[in-house]
Amino acid sequence: MKPCFLHDCAAMFVAASIDASDKPTLYAELGRQAEGLLHGERDRTANAANFAALVWHALPEINWCGFYFFDGNELVVGPFQGRPACVRIALGKGVCGTAAVTRESQLVHDVNAFDGHIACDSASRSEVVVPLFEGKSLLGVWDVDSPLVGRFDTDDRAGMERLCEIFLQSLQPTPA
Ligand code: SME
């Protein structure tokens, strides 16, 4: 098996290109890269920024990926890759607000068929959003958009959920 990443010093991380023939393999590999990338750092902004950059460069056919964090009232855009985005999303609004309120990942085949979809980028045609929790408290959501209808399937949803677990785990204190 090829090494999934080079992590030779604390200051440098080089993600290897992923050559996977199926999505579960791709997400497993990406998960290993995420674990390596986030290892040893607990800062939420730093890890969210690097996580978004890792996914952005690893996945084909996406035009936005990033975080919205809950500020106690609404969702506020966090680290992301892609075009500038809507800053604030009310709970229950759009795909992101729906994921936050229902506490379930949203897999949207065609955003034009999703009532209330918020078009930050008119190029977006499909979307997957994973809600994030710290214990029972809403932390925010992870959102990935594609310019292709039907870009994401249940393998992508499961893969994104696993990646988000790795992100959330990275924020936890390590046991003494
Ligand atoms: N489409 C999202 C809004 C966020 S952007 O896609 C970056 C939604 O409907 O919640």
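## Around the ligand

In this predicted model, 13 residues surround the ligand, and the closest are Val95, Cys96, Ile118, Glu127 and Asp145. Sorted by type, the shell has eight nonpolar, two polar and three charged residues. Here Ala, Val, Leu, Ile, Met, Phe, Trp, Tyr, Cys and Pro count as nonpolar, Asp, Glu, Lys and Arg as charged, and the others, Gly among them, as polar.

## Polar contacts and cover

Now for the polar contacts, meaning pairs of N or O atoms within 3.5 Å. Two of them use backbone atoms: a ligand oxygen lies 2.9 Å from a backbone N or O of Val95, and a ligand oxygen is 2.8 Å from a polar backbone atom of Cys96. His117 uses its side chain instead, with a polar atom 3.2 Å from a ligand nitrogen.

How much of the ligand does the protein bury? Taken alone, the ligand exposes 310 Å², and the protein buries 99% of that (areas by the Shrake-Rupley method with a 1.4 Å probe).

## Helices and strands

Helices (H or I, at least four residues) and strands (E, at least two) are DSSP runs, numbered from the N terminus. The protein chain has four helices and eight strands, in the order β-β-α-α-β-β-β-α-β-β-β-α. α3 gives the shell around the ligand its largest share, three residues.

If you boxed up the C-alpha atoms along the principal axes, you'd need roughly 45 × 40 × 25 Å.

## Reading the numbers

Residues are numbered from 1 along each chain as its sequence is written, and side-chain values use heavy atoms, leaving out hydrogens and water. Local features need pLDDT of at least 70 and side-chain atom pairs count only at pLDDT 80 or more, while totals for chains, interfaces and linings use all residues.

Methods: Near = heavy atom within 4 Å. Polar contact = N/O pair within 3.5 Å; in protein donor to acceptor, adjacent residues only side chain to side chain.
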